[in-house]
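Please look through the sequence and the model shown below before reading the notes that follow.

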Amino acid sequence: MRERQTHRDRLRAQEFGAFVAGAGGRLLHTATLLTAEPATPAGANVRAGRLLCAALARTYAEWDGLRGEDPYDRTRQELAVRFAREAWRHRRPLGGVLDRLAPLERLVLVLRLYEEVGEDQTAALLGLPADRVRAVCDRSIAVMRSAGRGTAGPGRGGPAAGSGRGGPAAGSGPRGPRGPAAGSPFASGAAP
């Protein structure tokens, strides 16, 4: 009996290790975007690392109970929930790509554009109406576009020019299965 449990624990650890090896880099980049920490130099994204470790620990604890659920989706959801809980404790600018956005704006933008989570699914995850998610996403895109042009944009909470209901995919190139569009501010190391 004990040998069977040990074998199960070893198999579970191997499966989880393979998952982290395959998805860990992308999940760390997602966490780094959420925390608005710079991705470079190495070790600059300490909060993102802690956030990801906590989310992965929760995923590992629930590994046997996932039953067909995608562990990537589960970990991403845990990242979003943990970020939302702690977001207001860390409000100082950190120099990351998305640091000019408020925590909710960053969370919506990362989920919708970088992670390509659907509007309705994002709304359900955050407990917001879909039209609020759309408005926050549109405002965030407008802020990032104005910052990219070097103009003084609408800033946090200010009025923003609508970016259209076409949303994030309008005018962008094709994306990989879980990758940002080429030239987007979400690409690793890109500056706004």
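How close do the axes of helix H1 and helix H2 come, and at what angle do they cross? In this predicted model, the axes of H1 (residues 2–35) and H2 (residues 46–61) come within 9 Å and cross at roughly 145 degrees. The protein chain that holds this pair has six helices and zero strands, and the points below group its computed features by topic.

**Overall fold**

- Read from one end of the sequence to the other, the protein chain follows the pattern α-α-α-α-α-α, in keeping with its count of six helices and zero strands.
- Of the 192 residues in the protein chain, 41% are buried.
- Among contacts in the protein chain with a separation of 6 or more, 64% are between residues 24 or more positions apart.

**Packing of H1 against H2**

- The crossing in which H1 passes H2 is right-handed, and the contact between these two helices comprises 13 nonpolar, five polar and two charged residues.
- On the H1 side, the residues that meet H2 include Phe16, Phe19, Val20, Gly24, Leu27 and Leu28, while the H2 side of the contact includes Leu51, Leu52, Leu56 and Tyr60.
- Arginine is present on both sides of this contact, as Arg12 in H1 and as Arg47 in H2.

- Ser140 is placed in helix H6 (residues 130–148), and it counts as buried because its relative accessibility is 0%.
- When neighbours within four places in sequence are left aside, Ser140 is in contact with Leu101, Glu105 and Leu109.

**Salt bridges**

- The structure holds twelve salt bridges, and one of them joins Glu115 to Arg26, with the closest N and O atoms 3.7 Å apart.
- Because Glu115 lies in the loop between helix H4 (103–114) and helix H5 (119–126) whereas Arg26 lies in helix H1, this pair ties together parts that are 89 residues apart in sequence.
- Both Glu115 and Arg26 are buried.
- Arg58 forms a salt bridge with Glu62, the closest N and O atoms being 2.6 Å apart, and the side chain of Arg58 also meets that of Glu78 in a salt bridge at 4.0 Å, N to O.
- Arg58, Glu62 and Glu78 belong, together with Arg74 and Arg82, to a network of linked salt bridges.

**Cysteines**

- How many disulfides does the count come to? The count comes to zero disulfides, where the cut-off applied is a pair of cysteine sulfur atoms within 2.5 Å.
- Is Cys53 buried or exposed? At 52% relative accessibility, Cys53 counts as exposed, because the cut-off for that class is over 50%.
- Cys137, by contrast, is buried, with a relative accessible area of 3%, which is under the 20% cut-off.

Conventions. Residues are numbered from 1 along each chain as its sequence is written. This is a predicted model: local features need pLDDT of at least 70, side-chain atom pairs count only at pLDDT 80 or more; totals for chains, interfaces and linings use all residues. Side-chain values use heavy atoms; hydrogens and water are left out. Axes are lines fitted to C-alpha atoms, for helices over the stretch in contact, and angles run from 0 to 180 degrees between N-to-C directions. Helices (H or I, at least four residues) and strands (E, at least two) are DSSP runs, numbered from the N terminus. A crossing is left-handed if the near helix is turned anticlockwise from the far one by less than a right angle, and right-handed if clockwise. Contact means heavy atoms within 4.5 Å. Ala, Val, Leu, Ile, Met, Phe, Trp, Tyr, Cys and Pro count as nonpolar, Asp, Glu, Lys and Arg as charged, and the others, Gly among them, as polar. Buried means under 20% relative accessible area, exposed over 50%, partly exposed in between (1.4 Å probe, protein chains only).
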